[in-house]
Amino acid sequence: MTKSEEWAYNLCRDSFFSLFSFVNPVGKKGKELCDVIVICGMEIVLISVKEININLTGNYVVDYSRWNKRAIEDSLKQLNGAERFLKTASSFKLKGSEEEIELSIEKNFYKIALVIGGTGKFPIPESIENNGYVNIMDEVSFHSIISELDTITDFIYYLKEKQTKLSEVHFTGNGEEDLLAFYLCNEFNFQDKTYIHFDEGLYESLKKSKLYMLEKKERRESYKWDFMINHFTQNHFNKNGYNTITLNNMMKACEIMAKETRYERIKLITNLDEVINTNIRARIYFSPTFNHIIYVFVSGKFDNDTNRLNELEIRCMVAAFLYNKSAIVIGIAWEKQNNSDIYDVAYHNYQNIWNDNLEKKSLIAINKLGYFKKHYDLINN
């Protein structure tokens, strides 16, 4: 892995988590597909990284042609080849590993040619139509986009908006970081126009605005959500490896949690913090993004780790009983022990498995343990 590939991978890993970001995927006969691949469900981002520095001859046409072929055209070939292979593949391996990374049957692809070394020397198009839409980014724009849209859902939505609305659009400005600023200022949307013009340095101006700095401040607490996902995945990843039932459920829970947008994470953490920092024992919270997802937050003192996890599991069942017996329920139990934060996560998909036994257990938990009794009384009165 080159330094440029490592830099790109680290950016993706830090924003989208190590569970969803992989470096050097390989296909048939161990052939490298691309440099970085980001996977979240059916959404797949392929990234080809090329750091090209050529010896300038003074002939601009010759120099640009040489640089363009090595930096952009070679990336296009690699990205299109990777997409062809992965469209029909059910899994792939990583270079130097025998572990299989499974893929969804349905797949949406987004291709990024990350061109490093041409900034200030040669013009870089923001996209190219070459066997589908290919985003062309330099190191400045890529870093800006990943830093601002640092959830997989926000990042994918930006790529979708470009692919849908800007396929034949030309824009003027300093670079794609200014296009990003335009997108942020227009409430995460592009207008259906054929030409966009803005002053150079729009992104730098945006970062100096009071509104931008206020929004950055409001986002700080939401990174607790990111920390939990990384903690859950790394702990279980290190203990169990890839293909275990425990990790499979952990991956499903963390995949859903990772799909929450940055804005939604602010609301999720606000609700979790209220449970942690008040006398509230538990709270049911409906996912702001997915109408079939229920979160259960539990916090307080527990006799031991087993009891903490047992209460969380039972409360997840009761939440499904009360509100949606075919829901996916993700539970988070939080406890402060000797100035340390201890937490567990639970995942349950009750669709097609709800039965009379779960019904009876839920009623016992409500009536004998008092779990979400107020919710039950409110629903039945």
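Modeller: Phe-286 lies in strand β12, which covers residues 282-286; please keep in mind that this is a predicted model.

Biologist: Why is Phe-286 called partly exposed?

Modeller: Buried means under 20% relative accessible area and exposed means over 50%, so Phe-286, with a relative accessibility of 42%, counts as partly exposed.

Biologist: What makes Phe-286, Tyr-323 and Ile-379 a nonpolar patch?

Modeller: Members of a patch need over 30% relative accessible area and no salt bridge, and nonpolar side chains are joined within 5 Å. Phe-286, Tyr-323 and Ile-379 form such a patch on the surface, and together they have about 270 Å² of accessible area.

Biologist: Which helix runs over residues 305-323, and how does this helix pack against helix α12?

Modeller: That is helix α11, and its axis lies 9 Å from that of helix α12 (residues 356-368), at an angle of about 110 degrees.

Biologist: Why are α11 and α12 described as roughly perpendicular?

Modeller: Angles of 65 to 115 degrees count as roughly perpendicular; the angle here is about 110 degrees, and therefore α11 and α12 are given that description.

Biologist: How do you know that α11 and α12 meet?

Modeller: Contact means heavy atoms within 4.5 Å, and the residues of α11 that meet α12 include Ile-314, Met-317 and Phe-321, while those on the α12 side include Leu-358, Leu-363 and Ile-366.

Biologist: What share of the chain counts as buried?

Modeller: Of its 381 residues, 48% count as buried, and the chain contains 13 helices and 15 strands.

Key: Residues are numbered from 1 along each chain as its sequence is written. This is a predicted model: local features need pLDDT of at least 70, side-chain atom pairs count only at pLDDT 80 or more; totals for chains, interfaces and linings use all residues. Side-chain values use heavy atoms; hydrogens and water are left out. Patches are made of residues with over 30% relative accessible area and no salt bridge: like charges are joined within 9 Å, nonpolar side chains (Val, Leu, Ile, Met, Phe, Trp, Tyr) within 5 Å. Accessible areas come from the Shrake-Rupley method with a 1.4 Å probe; for residues, only the protein chains shown count as cover. A salt bridge is a side-chain nitrogen of Lys or Arg within 4 Å of a carboxyl oxygen of Asp or Glu. Helices (H or I, at least four residues) and strands (E, at least two) are DSSP runs, numbered from the N terminus. Buried means under 20% relative accessible area, exposed over 50%, partly exposed in between (1.4 Å probe, protein chains only). Axes are lines fitted to C-alpha atoms, for helices over the stretch in contact, and angles run from 0 to 180 degrees between N-to-C directions. Angles under 35 degrees count as roughly parallel, over 145 as roughly antiparallel, 65 to 115 as roughly perpendicular and the rest as oblique.
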